[in-house]
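Keep the structure open as you read.

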Amino acid sequence: MTGAILVVNAGSSSIKVELFAADDALASLMSGQIEAIGLAPRLSLRDAAGTTVADQAWPQGEGPRDHRAALAAIGAALARGAGDRRIVAIGHRVVHGGATRAAPVVIDPVIRAELAALTPLAPLHQPHNLAGIDAMAELHPGVMQVACFDTAFHRGHPWVADTFALPRAFHARGIRRYGFHGLSYAYVAMRLAEVAPEIAAGRVVVAHLGNGASMCALRGGRSIDSTMGFTALDGLPMGTRSGQIDPGVLLHLMTAEGYDAAALTRLLYHESGLKGLSGLSSDMRALEAAGTAAAQEAIAYFVYRIRRELGALAAVLGGLDALVFTAGIGENSPRIRAAVCDDMGWLGIALDATANAHGATVISAPESRVQVLRLATDEERMIAIETLRLLRG
């Protein structure tokens, strides 16, 4: 019997999974998700060839009601399609690793308690990540589990990039800039070192543009600064998240308009960003197709903030050698890439319109001083790589 690594990304009402062969190639065997847990769940699973392995929907109020039941349903479907593969390790995406965790770690009771203590720093994510860990411990007792953190890649930031201008005691209490999307940035840094090592050794800004969006400054493949801060709300506007906002606005909403913490959370996480600005959708594809004035303004604001942060991160790096676009919008929207790079000759960026339209890897013009690339990210594979490393180590 040959081994497999299962990667689990557990959210509040959905769980994404991918199964990899536990060898050097880490071939993807199956991937899929279960959605609407506790409501009207739907399980979908495909193998590496795109063939449907499982496609099951339950009526409202039936089917899996919690993470354990959902992962049991996924496990049964995986077993049917995995042949003689046996799960030998499980890697989890965990949003928060705190101020000290700079690398993935094998989960034991001490680590489990440490991650639970971080829940106040990521209350919308950490409990669901932990629920996935607990469910897999029940379903696969004795199998090694690994926590891979969205924050770990950014732990080497200098103090000035890590702190807020609050009384110093707050920093010691964990009120600091953590940065997120670290698994994506780690994967892109690894790929960049493979496809363009001379660029990877230099000054690079990576734009992770998707429903969640952020940017990261890399020097020599290491994170120097990020647009996200204490939470994944900060920085760029996103699908439904506000991005950077004057904290005075929040004080005004609380004192003048009666917002409490729950109402602010709903506003900032679920009703803002592209959805709030457009009044239409959080999906960039829908906004690009809509053509309404509000949709165009939402896109313009998104692009404006990316360009603004690009200049800031280039200043942090002391110059720029490469700009990399990744994630759903970054990989798939030539329009956004072109708008970000338009009239950026002052920074050394010149885009090749044809290469950009065709989604080439290198989309900068030959005369561009700054290389512009389009690289696919793969957070699940990054988790599998780290899990395999710890399994062997």
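R203 and D321 form a salt bridge through their side chains, with 3.1 Å from N to O. The model is a predicted one. How accessible are the partners? R203 is partly exposed, at a relative accessible area of 26%. D321 is also partly exposed, with 26%.

Turn next to R155, R176 and D162. Salt bridges with shared partners tie R155, D162 and R176 into one network. Within it, R155 pairs with D162, and their closest N and O atoms lie 3.5 Å apart. That pair is within the 4 Å cut-off, so it counts as a salt bridge. Are these two residues buried or exposed? R155 is buried, and D162 is buried as well.

The side chain of R112 meets that of D134 in a salt bridge, 2.8 Å from N to O. R112 lies in helix 2, which spans residues 109-117. D134 lies in helix 3, residues 126-139. R112 is partly exposed, at 25% relative accessibility. D134 is partly exposed too, at 32%.

Why do such pairs form at all? Side chains of opposite charge can pair when their charged atoms come close. How many salt bridges does the model hold? The count comes to 17. Those between R112 and D134, R155 and D162, and R203 and D321 are among them.

The cysteines are the last stop. How many disulfides are there? The count is zero. Take C148 as one case. The closest cysteine sulfur to its own is that of C216, 17 Å away, so the distance is too far for a bond. A disulfide needs the two sulfur atoms within 2.5 Å. C148 is buried, with 0% relative accessibility.

C341 gives another case. Its sulfur also has C216 as the closest cysteine partner, but 18 Å lies between the two sulfurs. That is too far for a bond. C341 is buried, at a relative accessible area of 4%.

How values were computed: Residues numbered from 1 in each chain as written. Predicted model: local features only at pLDDT ≥ 70, side-chain atom pairs only at ≥ 80, totals over all residues. Heavy atoms only, no water. Buried < 20%, exposed > 50% of the residue type's maximum accessible area, 1.4 Å probe, protein only. Helix = DSSP H or I, 4+ residues; strand = E, 2+ residues; numbered from the N terminus.
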